[in-house]
Amino acid sequence: YSTWLFCTPLIISFLLPPRGSATVLQSWPFKYMPAYFDFSEINEVSDSELKSLLGGRRAMFCCQPHGVFTFGGACAGVVWSKLFWQPSSCPTAVASVVIQFPLIKHVVGLFGLCDASSKSLKRTLATCSAVLYPGGIAELFLTDHIMERIYVHKRKGFVKVALQAGVDIIPVYFFGNTTVMKLAKSKGLRSFARATGVSVSWFWGVAGTPIPLPRKIISVLGRPMGLPHITEPTDAEVEKYHAAYLVEVRRLFETYKVYHQDFTDKTLNFD
């Protein structure tokens, strides 16, 4: 009996697909998340300016750093869902294993999910915008309270997908995503995570528990980069716009780090 009691929720979760829900994001405990992290936003363009700059185009919101968990993205999702955003209109691209993993897929899935593989992501971008974390699992293991590092040098596929899909890239930086949780690291765990798409590690926050530290998070939304639509981009063209993305991310970091006391004296490192 106890075995069935334990397994039934897992079986149900395995069988049911994840569903985004702005309504649930406005309920406990999600609605209290922005206040817990003293969350604030800096947008370089207004909503109307963003629509004008995009000119009806869809966008890929490229967010960094990932952190142990993207509490910055979660806070932004809660705030946006109260104003205008629906998870289905701009899902978050994740590894396919997340979409399949019982329970986790239904918690993360509240924010709207789509497969991050190139083929699936292009299919999603054909109908709507999407949120992407270019650093992915590899960046999770760069989480550090002292040094700010993002995994991006070798991640160029997202630029190619954006060019092919004819969508613009909008860089987003989350100050504080890397300071609300601490992480046990090892090369073995990192290699396993990258190979399987599953993060296996020990992380902690308040008093050694999984509760994140109540530290400030600031979301900085940059300007659209103005990418062209290139059906078959060359390696040189991908390199060009990837380099432009790196410049934009560094600009966001250096321009706005003064607004977060934990980052004023930090420099951004690209791995």
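First, the ground rules. This is a predicted model, in which local features need pLDDT of at least 70 and side-chain atom pairs count only at pLDDT 80 or more, while totals for chains, interfaces and linings use all residues. Residues are numbered from 1 along each chain as its sequence is written, and side-chain values use heavy atoms, with hydrogens and water left out.

I start with strand β7, residues 168–175. Helices here are DSSP runs of H or I with at least four residues, strands are runs of E with at least two, and both are numbered from the N terminus. Eight of the eight residues in β7 are buried, where buried means under 20% relative accessible area, exposed means over 50%, and partly exposed is in between, with a 1.4 Å probe and protein chains only. In a regular strand the side chains alternate between the two faces of the sheet. In β7, D168, I170, V172 and F174 point one way, I169, P171, Y173 and F175 point the other way, and all are buried.

Which strands does β7 pair with? Pairing requires at least two DSSP bridges between two strands. Strand β2, residues 59–64, pairs with β7 in the parallel sense over six bridges, and M60 has I169 as its bridge partner in β7. Strand β10, residues 218–221, pairs with β7 in the antiparallel sense over four bridges. There, Y173 has V220 as its bridge partner.

Now the rings. The whole structure contains 11 aromatic pairs. The criterion is that rings of Phe, Tyr and Trp (its six-membered ring) have centres within 6.5 Å; planes under 30 degrees apart are stacked, over 60 edge-to-face, and the rest tilted. One of the pairs is F175 with F253, which is stacked at 5.5 Å centre to centre, with 25 degrees between the planes. F175 belongs to β7 and F253 to helix α12, residues 235–256, so this pair ties together parts that are 78 residues apart in sequence. F175 has a relative accessible area of 0%, and F253 is also at 0%.

What does F253 form with F263? Their ring centres are 6.5 Å apart and their planes at 80 degrees, so that pair is edge-to-face. F253 is in α12 and F263 in the loop between α12 and β11 (268–270), 10 residues apart. Both F253 and F263 are buried. Elsewhere, ring pairs link Y36, F37, F69 and F71 into a cluster.

Two charges also sit over rings, by the criterion that NZ of Lys or CZ of Arg is within 6 Å of the ring centre and within 35 degrees of the ring normal. K266 has its charged end over the ring of F263, 4.4 Å from the centre. R250 lies over the face of F270, at 4.4 Å from the ring centre.

Next, the second largest pocket, with a volume of about 500 Å³. On a 1 Å grid over the protein atoms alone, a cavity is a set of points where a 1.4 Å probe fits but cannot get out, and a pocket is an open set with protein on both sides within 12 Å along at least five of seven lines; lining residues have an atom within 4 Å of a point. Points are joined across faces, edges and corners, and the volume is the space filled by probe spheres set on them. The lining has 19 residues, with D47, L50, K51, F61 and F84 nearest the centre. Helix α4 (47–54) is among the elements that supply at least two lining residues each, as are β1 (40–43), β2 and α5 (71–83). The largest share, four residues, comes from α4.

Last, the backbone. Most residues other than glycine have a negative phi, and most peptide bonds are trans. W28 and P29 are joined by a cis peptide bond, with omega about 0 degrees. Q64 and P65 are joined by another, with omega about -5 degrees, and P65 is in the loop between β2 and α5.

D38 has a positive phi, near 50 degrees, and is partly exposed at 46% relative accessible area. A207 also has a positive phi, about 50 degrees; at 76% relative accessibility, A207 is exposed.
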